[in-house]
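Try each task before you read its solution.

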Amino acid sequence: MQRLVVGLLPWVFLLPPGGWSGEIIGGWEAQPHSRPYMAYLRIRRGDKISGCGGFLVAENFVLTAAHCQGDRITVVLGAHNMGQCERSQQEIPVCRKIPHQQYNRETLHNDIMLLQLSRNATLTREVGLVRLTTGHRRVSPGTMCNVAGWGRTSFTTRTNTLREVNLSVVTDRLCQKRYHFYLPSTMLCVGDPRYRKSIYMGDSGGPLVCCGVAEGIVSFGGYNSIDPPAGYTRISHFVPWIKANMR
């Protein structure tokens, strides 16, 4: 089955070829600034501009998906409505991109990237850090989590405001049946197929937060991502890599 990668372009998606992007289906508008760790990535590739999600894990580091690459990236923190110039927003250029050295753009294995900011973010009520999972933690199927992002709520409908949805972790078997490249050791399978709730266009790189802890990174969905489950990078597997590259 063809996969669906979930980062945003104005109409179509470039990475990987043939993919679409990810946003929130079946969710709701988030309470403004209730998720202060959320980051919007403005990505320039040549003369094209796209977007992804991300999340602040240190004052000078944002974590996102490796497929959210570009020639130049600017991080927007403290945003709720990307269509407005909110006083809470902080725009900070990225000075160093650190994609995982074994990232594979065809299989999306090791789909994780750290972005070092050119200056420290100022922590405020609207801009804050999210706690990362530990290297020994494993999320159990049935765990209810939250994912948020900016972008489309359908193929033809856009929104500038942050939206969110609650999704449950499901068994690896569901994703192994659907995605031949799915690896349980480094990926999380999320979204009950009985409910039309999932990521859609505009949410790649955003965090899957379970019980206040970031456990996953939005990575890919199906040929039609409105139908869950979707695949997330399993953060617990990469904790040593994250710590080593943030030193």
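**Exercise 1.** Find how many bridges join strand β4 to strand β7, and which way the two strands run.

*Solution.* Start with the ranges: β4 covers residues 38–45 and β7 covers residues 72–77. (Strands are DSSP runs of E with at least two residues, helices are runs of H or I with at least four, and both are numbered from the N terminus.) Six bridges join these antiparallel strands; pairing takes at least two DSSP bridges. Within this pairing, R42 stands opposite T74 in β7. Next, follow the order β4-β5-β6-β9-β8-β7: six strands with antiparallel pairing form a closed barrel.

A note on the source: this is a predicted model, where local features need pLDDT of at least 70, side-chain atom pairs count only at pLDDT 80 or more, and totals for chains, interfaces and linings use all residues. Residues are numbered from 1 along each chain as its sequence is written, and side-chain values use heavy atoms, leaving out hydrogens and water.

**Exercise 2.** Classify the ring pair of Y179 and F181, then the pair of F181 and F220.

*Solution.* Rings of Phe, Tyr and Trp (its six-membered ring) pair if their centres lie within 6.5 Å; planes under 30 degrees apart are stacked, over 60 edge-to-face, and the rest tilted. For Y179 and F181, the centres are 5.8 Å apart and the planes at 45°, so the pair is tilted. F181 and F220 are edge-to-face, with 4.9 Å between centres and 65° between planes.
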